[in-house]
Amino acid sequence: MKNILVTGAKGQLGSELQFLSHSQKDLTFTFVDVEELDITNQNKVVDFFGKGKFDYCINCAAYTAVDKAESDKDLAYEVNVNGPKNLAVAAKKHKTKVFHVSTDFVFNGDSSTAYTEDMVTNPLGVYGDTKLKGEEAIAKTIQHYFIIRTAWLYSSYGGNFVKTMLRLGREREELGVIVDQIGTPTYARDLAETILSMINNCDEAYGIYHFSNEGVASWYDFAKTVFKIKNIEVKVNPIPTSAYPTPAKRPSFSLLDKSKIKTTFNISIPYWQDSLLNCLDLID
């Protein structure tokens with residue numbers, strides 16, 4: 001039996017891992033959120049690891065309020081940089097392997113081709129910068145880590161773009177949705193299944209990996225597909241980023257190349273429309 005610690009257990013990915021944990025016969029899980037374990041407190045983290053004897057830690061805890069991070073830099077840094085570093089320090093001491101979830105926001109969006117793991121990082125805002133520094137803190141502290149960058153995460157759990165669109169689509173007759181930011185929606189359950197598959201396969205190919213669903217979309221495409229699947233009649237207008245200014249600048253192109261994770265772990269990744277259909281079956 002492998003003993004797994006999951007931090008950030010109440011978030012989208014943590015909730016999906018909790019759902020999937022019931023079918024994992026060879027894995028035991030400990031799920032914690034900030035109430036049970038504040039990852040920014042190094043002493044508590046080391047003590048918690050000492051009591052748990054974990055084989056793996058899956059870190060789903062993060063400060064993800066992209067716009068708020070611009071004015072809340074200290075807390076974003078604590079959670080996204082010091083938190084992962086604390087987990088890595090404890091993991092090194094107790095011989096625990098770490099899965100850390102990162103983001104497409106470590107890139108600036110200037111690429112014309114899908115981002116591979118070895119392409120130059122250059123985050124545009126505080127959120128992306130702290131997530132990148134969190135990656136670096138882990139890599140400098142331990143050898144046995146998997147960093148998985150993902151993008152546009154959604155789930156039937158928690159708050160996300162899909163649920164916002166469903167609410168607005170039912171409240172309004174007309175919506176404007178950004179058309180000039182390109183990436184791929186990612187169903188958190190697909191990511192959770194991939195992480196568990198990596199653990200079960202016992203492969204020690206440590207390093208950085210990219211994961212999102214297959215395909216390419218804008219936020220406009222994403223919204224239109226949500227409404228089509230749910231038969232919601234609302235007029236959706238494509239608008240440029242410039243028409244919807246936000247405190248944090250977003251990458252205009254954040255398509256992730258998944259070749260490395262697919263070949264290394266022999267996994268297939270569903271297309272985003274198929275996964276969205278599966279998720280929407282779970283949402284009223």
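Tutor: Start with helix α5 (residues 161–171): E171 and R167 both lie in it, 4 residues apart, about one turn of the helix. Helices (H or I, at least four residues) and strands (E, at least two) are DSSP runs, numbered from the N terminus. This is a predicted model, where local features need pLDDT of at least 70 and side-chain atom pairs count only at pLDDT 80 or more, while totals for chains, interfaces and linings use all residues. Residues are numbered from 1 along each chain as its sequence is written, and side-chain values use heavy atoms, with hydrogens and water left out.

Student: OK, what do E171 and R167 form?

Tutor: A salt bridge, with the closest N and O atoms 3.5 Å apart. The term means a side-chain nitrogen of Lys or Arg within 4 Å of a carboxyl oxygen of Asp or Glu.

Student: And is E171 buried or exposed?

Tutor: E171 is exposed, at 52% relative accessible area, and R167 is partly exposed at 44%. Buried means under 20% relative accessible area, exposed over 50%, and partly exposed in between (1.4 Å probe, protein chains only).

Student: How many salt bridges does the count come to?

Tutor: The count comes to 10. One of them joins R250 and D67, at 2.6 Å from N to O. R250 lies in the loop between β12 (235–239) and α8 (259–265) and D67 in the loop between β3 and α3, so this pair ties together parts 183 residues apart in sequence.

Student: Which residues are linked in a network?

Tutor: E214, K258 and K262 are linked in a network of salt bridges.

Student: New topic: the sheet. What order do the strands come in?

Tutor: The open sheet has 6 strands in the order β2-β1-β3-β4-β5-β10, with parallel pairing. Two strands pair if DSSP finds at least two bridges between them. At the edges are β2 (27–32) and β10 (207–210), each pairing on one side only. Neighbouring strands are turned by 20 degrees against each other on average, direction ignored.

Student: What does β3 pair with?

Tutor: Strand β3 (residues 56–59) is joined to β4 (residues 97–103) by 4 bridges, and 4 bridges also join β1 to β3. In β4, Y56 has K97 as its bridge partner, and N59 has H100.

Student: How does the chain cross from β3 to β4?

Tutor: Through α3, in a right-handed β-α-β crossover. Right-handed means that, with the strands pointing away from the viewer, the path from the first strand over the helix to the second runs clockwise. Helix α3 (residues 73–94) lies across β1, β3 and β4, at about 175 degrees to β3. Contact here means heavy atoms within 4.5 Å. Axes are lines fitted to C-alpha atoms, for helices over the stretch in contact, and angles run from 0 to 180 degrees between N-to-C directions.

Student: Which way do the β3 side chains point?

Tutor: Y56 and I58 point one way and C57 and N59 the other, and all are buried.

Student: Last one: how many disulfides does the structure hold?

Tutor: 0. A disulfide is a pair of cysteine sulfur atoms within 2.5 Å.
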